[in-house]
Amino acid sequence: MILDNTNLKAVLFDMDGVLFNSMPYHSKAWNEAMQEFNLDLSREEAYMHEGRTGAGTINIVYQRQHGTDATEELIENIYQVKSRIFNSFPEAQPMPGALELLQKVKAAGLKIILVTGSGQRSLLDRLQVHYPNMFTPELMVTAYDVKHGKPHPEPYLLGLEKGGIKANEALVIENAPLGVEAAVAAKICTIAVNTGPIPDKALQDAGANLLYPSMQCLAEAWDKLISKKQ
Ligand code: MG
């Protein structure tokens with residue numbers, strides 16, 4: 001499939017697992033935080049919940065073991081522990097290939113919009129360090145902006161709104177099945193990059209229009225991908 005870029009005006013980027021190689025740390029932090037509260041969430045499963053709000057993930061695990069919702073207080077406590085553990089790890093490195101892709105997108109005159117479920121200030125602050133002048137606060141959707149996390153389309157719909165663009169004028173880059181689901185539900189053409197340990201099938205089943213094994217591969221394929229149809 002070659003994208004018809006006649007209408008293309010913006011590319012919406014997810015952050016964790018797309019711009020930063022942060023998912024190994026997130027999944028480890030989730031696993032260890034849950035253990036402190038006698039809750040079971042394997043690192044592998046944590047990848048499948050990527051994109052949900054912290055509260056959403058905690059509630060699914062708590063419900064499964066206790067058959068009832070976690071209290072707001074408990075959710076807050078677990079999330080605090082998870083954030084503390086995450087922040088104790090080394091800084092997540094930029095994803096190889098991401099800067100190259102952002103430079104190509106910018107050179108093509110397309111808007112760059114961030115759509116993340118993350119509320120980790122440490123990573124948000126580091127966007128400017130590793131990707132200087134690529135992101136602006138007006139074109140960012142974070143955990144602080146939305147009521148619903150992915151797979152709900154709200155984050156991506158808000159991204160379109162902030163960019164002043166329509167769904168058929170945009171493209172999404174995502175690494176998580178729930179993120180792909182959210183983008184597809186917002187009716188945006190979605191490119192999945194499988195930068196983690198999950199099977200390709202999980203991203204395809206979520207509805208990804210295209211799939212690449214890494215950001216580097218996507219960056220290399222970009223020019224061909226968005227070249228106008230002959
Ligand atoms: Mg992600």
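Predicted model: local features only at pLDDT ≥ 70, side-chain atom pairs only at ≥ 80, totals over all residues.

Tutor: Start on the β4 side: V11 has L171 as its bridge partner in β4. That pair belongs to a parallel pairing of β1 with β4 that runs over four bridges. There's also β2, residues 111–115, which pairs with β1 in the parallel sense, again over four bridges. Here F13 finds its bridge partner in L114 of β2.

Now the side chains. In a regular strand they alternate between the two faces of the sheet. In β1, A10 and L12 point one way, V11 and F13 point the other way, and all of them are buried.

Follow F13 and you land in the largest nonpolar core, which has 42 residues; F13 is listed there among those with the most contacts inside it, along with L19, L127, F135, M215, L218 and W222. Helix α10 (residues 215–225) gives the most to this core, with five residues. Domain 1 (10–21 + 93–229) and domain 2 (23–88) both give residues to this core, so it lies between them. Beyond its close sequence neighbours, F13 has contacts that include L19, L101, I113, I173 and M215. A10, by contrast, is part of a second, separate core of 18 residues, which also includes V141, I165 and A186.

D16 sits in the loop between β1 and α1, and N175 in the loop between β4 and α8, 159 residues apart. Both D16 and N175 are buried.

Definitions and conventions
Residues numbered from 1 in each chain as written. Heavy atoms only, no water. Helix = DSSP H or I, 4+ residues; strand = E, 2+ residues; numbered from the N terminus. Buried < 20%, exposed > 50% of the residue type's maximum accessible area, 1.4 Å probe, protein only. Core = buried A, V, L, I, M, F, W, Y, C linked by side-chain atoms within 4.5 Å. Domains from an automatic or database assignment. Contact = heavy atoms within 4.5 Å. Pairing = 2+ DSSP bridges. Lists of a residue's contacts leave out its neighbours within four places in sequence.
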